[in-house]
Amino acid sequence: MAIRSFFLFILFFSSSLSPVFSLYEDQVGLMDWHQQYIGKVKQAVFSSQRAGRKRVVVSTEENVIASLDLRHGEIFWRHLLGADDVIDGIDIGLGKYVITLSSGGSILRSWNLPDGQMVWESSLQGPKHSKSFLLVPTNLKFDKDNVLVVFSNGRLHAISCIDGEVLWKKDFEAESFEVQQVIQPPGSDLIYVVGFAASYQFEMYQINAKNGELLKHESASFSSGFSGEVSLVSTETVVALDSTGSILLTISFQDGKISSQQTPISNLVEESLGPAVIIPSSVSGIFAIKTDAVTVFIRVIGEGKLEVVEKTTHEIAVSDALSISEDQEAFALIQHASSEIHLTVKLAHDWDGNLLKESVKMDRQRGLVHKVFINNYIRTDRSYGFRVLIVMEDHSLLLLQQGEIVWSREDGLASIIDVTTSELPVERNGVSVAKVEHNLFEWLKGHMLKLKGTLMLASPEDMAAIQSMRLKSSEKSKMTRDHNGFRKLLIVLTRAGKLFALHTGDGRIVWSHLLRSLHKSEACQSPIGLNLYQWQVPHHHAMDENPSVLVVSRCGPSSDAPGVLSFVDTYTGKELSSLSLDHAVVQVIPLPYTDSTEQRLHLLINADKHAHLYPKTSEALSIFKREFLNIYWYSVEDQNGIIKGHALKCKCTGEVADEFCFDTRDLWSVVFPSESEKIVATVTRKLNEVVHTQAKVVADQDVMYKYISRNLLFVATVAPKGSGEIGSVTPEESWLVAYLIDTVTGRILHRVTHHGLQGPVHAVFSENWVVYHYFNLRAHRYEMSVIEIYDQSRADNKDVWKLVLGKHNLTSPISLFSRPEVITKSQSYFFTHSLKAIAVTSTAKGITSKQLLLGTIGDQVLALDKRFLDPRRTVNPTQAEKEEGIIPLTDSLPIIPQSYVTHALRVEGLRGIITVPAKLESTTLVFAHGVDLFFTQLAPSRTYDSLTEDFSYALLLITIVALVAAIFVTWRLSERKELQEKWSFYSAFASQSTFSSLFLCDN
Amino acid sequence: MAFSCKNSSKFNGFSGCIKMVMVGTSAIMMQRRTLAMEASLCVKKSKKKGADSVTRPNSQISAAMAAVTPLLLLLLLSSAPSFSSGSRNAYNINGRVKIPQGLGTKGYALPGRMSNVKVLLNGGQNITFLRPDGYFSFHNIPAGTHLIEVSAIGYFFSPVRVDVSARNPGKVQAALTENRKGLSELVLEPLREEQYYEIREPFSIMSLLKSPMGLMVGFMLAVAFLMPKLVENMDPEEMRRAQEEMRSQGVPSLSSLLPGGARN
C-alpha cells in the first residue's frame, strides 16, 4: 500500500505547478466550516430605533465591536480593533451612530449603525494618563448638533456627534487629581467632574457644558482617605469607602457645595463583614457593597441617610439603570439558585415591588452570571416588557425574554488557549448512527438532481438543493470513526476555563464542560488554564476505554503559583478526576512512553527544577526508571537570554519522601550576550511528526541524507534595539542571528547572522528544515528564509550495498565531543505580507509533500508549497533539476489567490494554525483559530489516493452504458454483415451451380 | 481643502484657519506653491464654511472636494505634526485607499464594502478603518520608516513604505514595496484583484469529448463506423484476397470474437 501510494506520489510530484489547493465556489462548505464569534461582552447598548430590525451593539474583551440581531443573535457587522486599541466605552449617538472610545481614551470613532461603516475618527490627546469616560447626553445640543462629552487623559472634551470635531476642551492638570466620575445631570447645561486629589481630598469641578468654562471648583479633605471606586447614587451625590473599607462616605455636592456624612458599615449590618468593596452601579438611590461572602444593597434616603434593603449570600449580578419613563428607572437583578437563575426587574425607588420576576433554567456548564444588560419593549397591550442580555462565566451571551432563553452564543470560543484532537468512538456492530434515506423516491430524486448537476442542466434552484443535500450528508457529521480519519473531535480549552469538543465534520459542539478545577475557590483564587495534553489514547483497548486529555492549569498569573491537573474523558466530556498540586508547573514534558493502560507518562518540572512524574503509579515508575538515563530536556529563559539543557539526577532529597519526585542537573547552557542578542523565537519539531524517508535523491543520481533529529532546536535572536516595532531602528544597528542547537549535547550545529533584519520572527521546524519569517530593514520588505540541514557522515553511501553495509547513524557512536558532520543550505526570498502564525501540513506517513500554512496579517491562511522554499533553487535550473521539480529562482514568493485555504473568508483575529494528519495519507486537517474558527481538509499533493469530491460518477456510468450499447450494436451489425456476405457467397455459388447444371443438362 | 482643514483641526486646538495655513506651509515646502495662494483659498473656504455650517458634513466634503480636489490630495499627503500632543515627535499619517469602480463588479459579493477594509501600520501595531470616502489616518506616529498594509478581501495591495521625517516635519515619502514604485501621494490602489475560486467551465461537448472517457467512446465509435466504410471502399477482389489471407493466418475477425461468432 505504501509503495503504491509512493509511486503515485512520485507521479504527482512531477506534475505541473498549478495551485494545488483550489476550490470551486460551489464547493465552499463541503469540507470546511467557518464560525464567527465576538468574545466576552464588556458592554452592551441597545439600539432604540423603532423601525427596522432590533439591534444590540456590544464591545468585548477581544476588542470587537459588533452589532447583533436581537431576535436571533446573529452578527450584522463586526470590527476587530488593534490589540493595543482596547475599547473603553461605547454608546449610540443620535440613534444612528455607534460611538467608541478606545486606546485609553485617545481614539474616538463613530460607526454607522446599519452597516458598520466608520464615519469619522478623532484622536484625543491630553496632559496625563487618567480614567476615561464617554457620555452621550441626549439633550445637550450645540447648533442642532448633538454633543459627546469625553473625559480622557486628564482632559475634558466636547465633541460634535456628526463629524467628530472638538468643540471645546478643558484640562485638569493638577498633578494628583484622579478623576472618579463625570456627571452630566439631564436637563441642565452643567458637567460635574469629581475625583480625588492626593488620596484624601475630594475635588469637584462644575463646568459649563456650552463652552467648557469652569464655573466652580470646591474641595474638601477627608482624613481617612478613600479606597476603590465611587458609586453615583444621584446626579449630585456619590458614595465612597474610606481607606479601611469599613466606613461609607456619602458626599453630596448640591449647588456646588460639598457636604458629607460618614456611616460605619457596622451600623448598617450587625455582624462584621471585613473589608468591603463598592460595586459600581448607575441605579439612582441604590448602591451595593460586597465582601467575601455577602452582598448588601443599601438605599440612600434624603440627607445622606443609609438603609439596608437587602442582604444576600447568593452570587448576584445587577444591571445598569434603564429609564422607562420621565421619573422612573428600572434595573435587573439576577440571583443564582442551584440549577436556576432568578431574574427580577425592580424600580429604582421601590425595592420591594417587582416589575417582573422570572426563573430560568440554566445549564450548569455555563457557570455564574457575570453581567446583565436590560432593555424594554412595549407589548401589544401597551405595558412594558423586559428582556435581558446576560454574560455568563463561560463567556457565552444569552438573551432572556419571558422566562426563556431566546438565543445563546458560545462566545467563549473566541478566546482559545490550546487545542488538541481526539478520535471518535469506533463504530460497533448493530449500533449504527447512520441514517438511511427515507424512501426510494427521495433517493431517486436526489440522484436525478445530482445527475442534472453533473450534466450542467440544473437550474439555480436545483443547484441550491444539491448544495444543501451535499452539506447535510450525514456521513461527515457522524459520531463514529471513519476509514479516512476525517472525523475527529477537536478539544479546545478557552480562557474562561471551559473545555469544548467540536466535531470536525460540521463544527458543532459535541459537549462542553466548565472545569471545576478552574473554578474560583478558596485555595485557588484566579485559576488560569495553560495547556492541553493527550493523556490516554487507547489503541489496543479502543473498544472498551475512552481517550482522555490532561488539562494543566495554575492558580494565579505568576509562574510559581501551584498547579492544578484535571483529566477529562473526550467522549463524554466528564471530568474524571482532578489534582491540586503542591508545586508549580513550569514545564510539562510528555514522554514517549505509555503504561499498560496506554496512559502517557508526563514529567512536570516545577519552579525549583524538580521533576515530578505522572501518573503516580508503580508501573509508570518502573517504566520511567528503565529510561531514566535517556531523558533530556531544555529550558529557555528568554529574559536572561539563556538556554539550558537538563537531565535527571536522583530521587528528591527533600524532607518528605516522594518517590515520584526527582532532582535534576544542568548539562549545558548557551548564554547569549545580553547587550547584542535577545531571544525572540524558539521552535522545535512537532513530537508526533513522521518522516518517511531519510534520503533525498537529487538530480544527478546523487543521494543526500537529511539530518533528522528530534533534538534540534531553532533559536532566533535579534539586537535588543531591534526588538521593538518596525521603523524604530536603523538597518546598521539591527541584526538577526539564527541558531540550530542540539538539545541533548548543547552543541550549536549552525549559526548564521543576517544584518539589517528585524523581528518579529515566526518560524516553523519540520523534518530537516526550518523556515522563518522576519523583516528586512534595508529592502523594507518581509522576507522568509529556509535552512536545510544534511548529514554528511553518510554522504558516501551512494548505492544500496553501501546503504546496507556502510556507515550508519545507529552504528556510529554519539559523543559530546565528536562534531557531527552536517552541512546546511539556505536561501531567502521576499514575501509580501506580515505574518501572524505559521504552520506546516502533516500527514500520517510523511510521504505527501509539505505545504507551509501562513496566517497573513489580513487574517487569511495561505498555503505555500515547500518547493518554493528549497535552497537548491537556482535561476536557471538544469534539465535534470527541472525534472526533479526544482522551480527557477525568483526573488519573491508567489501569492496565488486560489491557494488561500480560507478562500474568501477571514479568520478574524487569527492566533494559531493547527494541522492534524488524517488516516488517508494525502490529506491533512487544518484548524485555524482566533476570534473566528475555521476548519478545512487539505491535500498538498492532491488526493492521489482517493477520488475527489467532484468526481463524476454519472459520466463514468454513462460511458460504461454507452460502451456496452456500442458493443451490442456493433456485434449486431457485424453479424448481419457476415450473414449478408454468406448469402451472397451462397447465392453466387448457387447461381454457378445452376448454371453448371444447366450446362450439364445441355450436355 | 476644507475637509483637510477640519480634519486637522480635530487633532489640535487651533482654529481652523491658522491650522490650515500650517498644513499649507508644509505642503508648500514640498510642492513649492506660494503661501499667498494657500492663504487666499483658506479664507475663501472658511467663508463658505460659515455660510453653510448647518449642512451635513458629507455634502460639505463633496462640494469642497469637487472644487479643490487636486489641492486636497496634495494636502492630505502632508502629515501634519500634532502640536497638541505632549511629545514633540509625533506625527499623523493621512492617506486614502481607492478601489477603482470597474474592479470587483464581477465575481463575488464583496465589492463596495469599504467597511471591511482595514489599514494596518507596522504589522498590526496600529489598525485603522476607512471613512466612507476612503480616507484613513494614523495618529501619533513617531518619525522613522513605517510600513502600511491594506487588508481587503478580494484585492491585492502592495505594502507601502512610508518615511516620516523628523528633520523637516511634515515631509512624507511613500513607495510601494512590491515594485519599488514611488508614490507622489499616499493614495493606495490595489495592484490586482484576487480570485479565490476556480472558475467552473460551462458544460460543452468539447470538454466532455476531451475527457478520457469521451476519447474512449470517440475511438470506439470511430472503429465501429469508420472501419467498415474503409473496408467497403476496397476492391472486392482485393478484399477477398485479404480475407483469404486472414483466414489462412487465423486472425480472428470481430464476429468470431463475440459469442455469436462461434456459430459459423
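Trainee: Which residue lies over the face of B:F156?
Mentor: That is B:R192, at 4.2 Å from the ring centre. Keep in mind that this is a predicted model.

Trainee: And what sits over the ring of A:W769?
Mentor: The charged end of A:K866, 4.9 Å from the centre of that ring.

Trainee: What pLDDT does chain A average?
Mentor: The average is 83, and 90% of the residues score at least 70.

Trainee: Which elements of chain A have the lowest and the highest mean pLDDT?
Mentor: Helix 1 of chain A, residues 2-13, has the lowest, at 40. Strand 64 of chain A, residues 924-929, has the highest, at 94. Over residues 1-18 of chain A the pLDDT is below 50, and this stretch has 20 contacts in the model beyond near neighbours in sequence. Residues 430-437 of chain A also have a pLDDT below 50, with five such contacts. Where pLDDT is low, the predicted coordinates should not be read in detail.

Trainee: Changing topic: how many aromatic pairs are there over all chains?
Mentor: The count comes to 23. One of them is A:W33 with A:F927: the ring centres are 6.2 Å apart and the planes are at 50 degrees, so the pair is tilted.

Trainee: Where in the chain are those two?
Mentor: A:W33 is in strand 1 of chain A (residues 33-35) and A:F927 is in strand 64 of chain A, so to speak distant parts of the chain, 894 residues apart.

Trainee: Are A:W33 and A:F927 buried or exposed?
Mentor: Both are buried.

Trainee: Why is the pair of A:W535 and A:F567 called tilted?
Mentor: Their planes are at 55 degrees, with the ring centres 4.7 Å apart, so the pair counts as tilted. A:W535 lies in strand 40 of chain A (residues 527-536) and A:F567 in strand 42 of chain A (residues 562-569), so the pair ties together parts 32 residues apart in sequence. A:W535 counts as buried at 5% relative accessibility, and A:F567 counts as buried at 8%.

Trainee: Which residues do ring pairs link into a cluster?
Mentor: A:Y192, A:F196, A:F202, A:F222, A:F226 and A:F253.

Trainee: Last one. Where is A:E423 found?
Mentor: In the loop between strand 36 (416-422) and helix 3 (440-454) of chain A. A:E423 is partly exposed, with a relative accessible area of 23%.

Trainee: What does A:E423 touch?
Mentor: Leaving out residues up to four places away in sequence, A:E423 touches A:R481, A:R487, A:K488, A:P547 and A:Y571. With A:K488 there is a polar contact of 2.9 Å between the side chains.

Technical notes
Residues numbered from 1 in each chain as written. Chains lettered and ligands numbered in written order. Predicted model: local features only at pLDDT ≥ 70, side-chain atom pairs only at ≥ 80, totals over all residues. Heavy atoms only, no water. pLDDT = per-residue confidence, 0-100. Helix = DSSP H or I, 4+ residues; strand = E, 2+ residues; numbered from the N terminus. Contact = heavy atoms within 4.5 Å. Phe/Tyr/Trp six-rings, centres within 6.5 Å; stacked < 30°, edge-to-face > 60°. Buried < 20%, exposed > 50% of the residue type's maximum accessible area, 1.4 Å probe, protein only. Lys NZ or Arg CZ within 6 Å of the ring centre and 35° of its normal. Polar contact = N/O pair within 3.5 Å; in protein donor to acceptor, adjacent residues only side chain to side chain.
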